[in-house]
Amino acid sequence: MTNTPRSLQDLVRRRQQAGFIGREVEIAFFRANLDLPLEDERRRVLFSIHGDGGMGKTFLLSRLRRIAQDAGRLTARVDESAYEVVEVMAAVAAELEGQGARLKRFTQQHAAYRRRRHETEAGDDVAGAVTRTATQVATGTVGALVPGASLLTGAIDPEQVNRLRVAAMDRLRGREPAPAPAQELTPAFLEGLRELPRPLALFFDTYERTGAYLDDWLRDVFEGRYGEAPVDLVVTVAGRLPLDPLRWSPYLSVLADLPLVPFTEVEVRRLLARRSVTDERVIEVISAVSGGLPLAVATLAEQRPSDPGAVADPSDGLVDRFLRWEADPVRRDLAVTAALPRRFDEDLVGVLVGVPGADAAGHYAWLRAQSFVTRSGGGCRYHDVVREPMLRLGRGRSPYRWQQAHHALAGAYHDRRERLGLAAEDAWADETWESCLLEEFYHLACADPAGSLPGLLETALGACAAGSAWARRWAEMIASAGADADSNRLAALGRDLGAGLGEDGDLTGFLGVLIGHRTFPADRLKEAYRVRGREHRYACRFDRALGDFEAALELDPGYQPAVGDRGETYRLMRRPEEALADLTRAVELDPRDAWAFGGRGQVLRVMARFDEAVADLTRAVELDPGYAWAFATRGEVHQRCGRHEEALADLTRAIELRPGYTWAAGTRAVTHRLMGRHAEAIIGLTLAITAKPDYAWGLSLRGDLQRILGRHDEALADHDRAVELEPDTPWALARRARALRRVGRHDEARADLARAVELAPHDDEHALELRLCGGPPPAGCVWVADLDATEGDGPSLASSLREWLVSGGVVAADTQVLSLDARPVHPRIPPPGGLSLHTGRIACHPMAAEGATCPGCGSRAVLSRDGVATDEWDEIAASIADWTAGRLPGHGCRACGRRGDLREWRFDPPWAFAHLAVRLWDWGPPAPEFLAALSERLGGHRLMVLPGRE
């Protein structure tokens, strides 16, 4: 490798590196480690650099990065300017792209995530709402420099912001589970790292701050939770504390712990000699004052003091000495005021010294040359060891000038946002705009901590509109402003808000701090309760969600958003009657609320009131033509009603509106399958899988289609990949088992099905498949099917039946009534004597299927031979699955070609297809008296008893 500098900047860096003093042991160890073979037991892949502030961690990290680059490695460095895991990965990808190595799939998926986030934040007008109110804040505060005036009160409307945000989130929802962004993007990130042309070294600075959200993720990466990392990857973290030995104990054999200690006297003298400080008395004073702290030594040496009288008082502090040795009064003042912004550039220096940016170039260059100034995030920042005393000096010297300077900086950031010229709907997708807003509010809070508190609380509610990453940044900003302005109250609020942020973006603790704070505006409480209720609902804590919605409605009984949210929660709890009542009320309160119409349409779909569901969903898309979820849901209703062309049109429109909408793509593929257009189904799924390679359900569905077309190798490849992605998901295992059985690999099929039954012991479909694959008989139960209940009245009849069973002492409500749905709340078989109620569409069977007779021609389809399922079973099983999923394709006879209602086929042994069924576990045959009473309770409905599991 040539030693010729590549550029002027490279030449300067080399000269700077040549002047690096100290840390020779750490540097030599790191360099030697890079040369060790991968299999060498001495080789380390994780370096933990730690020490107190001012020990030179950042400087050493930069030196190690240069060593890695000289060794031919790609490198990336991240600090606290990235506020969440996704931002960290994006920062790494951006640095690698600058070195000619692109993480293609991650970049594409991250761009799609950013689009989704932008759509979520923007809603109908969420970006406009926040943009306008933020402008009101800046306009109202920068111009009003009256000390003690309230800075933020009444400036933002979080009710509008959050209502629009959460409405947008519901528009974007699909049926497939939505993974946390880090979980979704990390596999593609690691895939990109594995494909890099050269080895990679990653460097994470200020780990005492970033570790709060990086540590768990980094351990998961080492554990292999998201896939394999490159074998030659080297990771270095630098922070004030070492990595937790308990948390990182599995990796101690590959971890190098590098504690940094103060410079020795020899190292202090070497550094001072490098700076031409040679007077022995000056050296002695600097050595005593600095305590060997590298940053302190470098800072005190910066002015090259030579007069012993200038350092005569050993009680002087580091900052006092630095300022005393600087002769220029403008620079002395600038050294103090430049500590106010958390990061600064030439333009902000111009604001602080009162001259245009171009005229501030000399001042800026002087600041950049100081040892306590480092480059960060496109600008510069003071080291904490110097910034903190500078801030104390500035606050104490002139409170009025302190306030004036912060107002000026707030105004500068406001002007920057305005100059970006972004439309309201685009602002929140722009990181520069967001950062300017954050710093604008930081300076407003520093200017008047007490007066800003109510407005900061109110605006923190609005910060939730941008998601957990923005809320984390907001909490950190408030804590930072409190510490820098010496306001314990403000600092405590920021810490409490930060502590309230849960894993995977849970904002309920954050919102709880706002709700419980005594200065939180009373007129915003209803909105805060509602937003927290939404967060509880996203986490499936439905009872808590209902409690928050009801608290909001106690404050304002006509609060339409909370009424609608409570209805949506009832829907998810499978309480359709209550959901319908609330969503109808929401529509009455706001007839132009597309989200409420969409939610009510979904409830009506569940209640099998399909025409009414279509009417509501149609109204939703009329009110909001960009409502992709409503188009997709209406498409599913059309599919269930057999209107396949209309279904395809709606589902295609949903995908056009929301590229990468995998649930819509999967539902469209099912529609194609129902129409016999298997090739088109595969093409659509392939496009969706290309956009989202970890789309497990789509892979499994494509595997089913490949199996139907006789492409068994392709089918198994898809099923293998689906199981690899979802190894503990019963449906992925069961579908692969069907493909394995088709090629005669019965032992492997039985193993998959046994695992599926173990994971979902309540699911008869998997147990029946195992039985038809030669597996053992499952545990016992009896089905009692209601032959007269309709799909629409099934849920209400089940609720009534449950009340009757509990009030009559037939079962105990807490342990024996498992669920009112075909998918029990608790994934376990009920205890002996237990009972479960099932609604929807239930295929009740005796855990056997030998044959089925066509109602048209009377021919018999053979479903199993010698206890093993046939191809005809696979065909009729697909029709059964379609029927239980709410579709109406019927089943086609191989002999006569007639396609009729599946329920008209006669199964041997008998089956029942019902909309309400009671399942009795370990009861034995039900007594005639019990069956008579049950029928009477159901209005005289006919009942059919089938032995379920043997």
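Which residue takes a positive phi just after α3? G72 does, with a phi of about 90°.

The model is predicted: local features need pLDDT of at least 70, side-chain atom pairs count only at pLDDT 80 or more, and totals for chains, interfaces and linings use all residues. Residues are numbered from 1 along each chain as its sequence is written, and side-chain values use heavy atoms, with hydrogens and water left out.

Helices (H or I, at least four residues) and strands (E, at least two) are DSSP runs, numbered from the N terminus. Helix α3, residues 57–70, has 14 residues and spans 20 Å between its first and last C-alpha. That is close to the expected 20 Å, taken as 1.5 Å times one less than the number of residues.

Four strands form an open sheet in the order β9-β17-β8-β18, with antiparallel pairing; two strands pair if DSSP finds at least two bridges between them. The edge strands, β9 and β18, each pair on one side only. β9 is joined to β17 by eight bridges, and L835 stands opposite L920 in β17.

Two helices contact the sheet (heavy atoms within 4.5 Å). Angles run from 0 to 180 degrees between N-to-C directions of axes, which are lines fitted to C-alpha atoms, for helices over the stretch in contact.

| Helix | Residues | Strands touched | Angle |
|---|---|---|---|
| α42 | 928–937 | β8, β17, β18 | about 135° to β18 |
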